[in-house]
Amino acid sequence: MSSVEFPDTIVALSSGRLPAGVAVVRISGKQTRFVLETIADKVTEPRVASYSTFRNPDGAKIDSGLLLFFPAPRSFTGEDCAEFQIHGGKAAVAALLDALTAHPGVRHAEAGEFTRRAFLNGKLDLTETEALADLISAETEAQRRLAVLNADGAQSKLYSAWRQRLIHARAMIEAELDFADEPDVPGSVADVVWADMQSLANEIRQHIGSYHRAEIIRDGFDVVIVGAPNAGKSSLLNALARRDAAIVSDEPGTTRDLVELALDLNGVKVRLTDTAGIREAAGKVEAIGIERARQRAETADLVLLLADATSDKSGRPAVVNPNVIHIGTKADLLGADRSPGRPSLMVSSLSGQGISELLEMLGERAEKAAGDAGDILPSRMRHIELLRETVAYLEAALGGSDRDLELRADDLRLAADRLGRLCGAVDVEDLLDVIFSQFCIGK
């Protein structure tokens, strides 16, 4: 991809919130070298950190710190870039930014503009750009591993390989149609091509089916706590979180809306949701909370169904979800009494009995649901939509044996186009490149 020349040079604070020990200010654009020579008393060699003093145009000192210069095209954005590492005080950073933007053609960067320039200059594709955003926002080890894998190009390589198979298949079909009289063009390739396309469709379907694992890594393993009023749901949530996240009261129906928090268990984000106690006789507002509780329980990855072990009432709310763990609460009030009908997992939010075991169980379930950290997963709904469209065009090509071969080949073109959109690299010349590189047409 050829380099894109932007009219403006952009600057921004690239490190965290101020004040801080060190602040990193980044600049990118065609004015970068001129700005460095103007503001720094010593311009560093490319990609070598040097200590320098930074000054205003009138010569007044702003601060001293490290300076790194990355000349184009070997930089993050593909343009001339530099980084100033100065003391992380608000006034110092503001003074440096003011001095930089005082130069003609230099302005403050918009949100994501450095990454946008990196993409437009071919330094990143769309999936790598998305992975970079995921890496910045990663809170758990599983999120970090998935983001690093994709930022290193694992997704791009997979989707590009699939796209090349589609381009190759279409090239073979069209070569058989257009150049059948040439001795270098093999005949009867259709059977081999369509067999490979059927295999590709199956691979993409399987890949689409792994999206929920990516959702679990990105958004969290969804655990919903369900039970009758006063079964100890809010107390259990607080015990698992080790803080008072939900209101606890002896009055039935205290929790009327969903209370959600997140835990990091075995490197996987786990979303815990406390719900309204499920019962038949309830007021209008409480009934809304109960309905929300039932809906969340139906779609949860795991339901913790609580029952008060000290109560003589045997009834538990019905839950429409195959993934349920039955838990007995208030175990500290039972003493040595263990009725055969009680759940095998007994907990006490007051004494802490069973809490560690439950956390360990949740961590194991979440880790298993997230799967192998080395697997390549579709990490955005955008990916899923384009992959589904790809499969739809593949199915149209595969299922239309009674259609003209030209139309089926066009379905392959549309499928390859959708895969190209995943990474933001659609090149109509690829097809001709394949045809003329594999066959000695006109030789």
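Reader: Hi! Where is the place of Ala99?

Author: Ala99 sits in helix α2, residues 90-101; helices here are DSSP runs (H or I, at least four residues), numbered from the N terminus. This is a predicted model, where local features need pLDDT of at least 70, side-chain atom pairs count only at pLDDT 80 or more, and totals for chains, interfaces and linings use all residues. Residues are numbered from 1 along each chain as its sequence is written, and side-chain values use heavy atoms, with hydrogens and water left out.

Reader: Thanks! Does Ala99 count as buried or exposed, and why?

Author: Ala99 counts as buried because its relative accessibility is 1%. Buried means under 20% relative accessible area, exposed over 50%, and partly exposed in between (1.4 Å probe, protein chains only).

Reader: And what is Ala99 in contact with?

Author: Leaving aside neighbours within four places in sequence, Ala99 contacts Ile39, Asn56 and Ile62, contact being heavy atoms within 4.5 Å.

Reader: New topic: in what order do the six strands form the open sheet?

Author: The order is β8-β9-β7-β10-β11-β12, with mixed pairing. Strands are DSSP runs too (E, at least two residues), and two of them pair if DSSP finds at least two bridges between them.

Reader: Which strands stand at the edges?

Author: β8 (259-265) and β12 (345-346); each has a single partner strand, so one side of each is left without a neighbour in the sheet.

Reader: How many bridges link β7 and β10?

Author: Five, in the parallel sense. Val224 has Val303 in β10 as its bridge partner.
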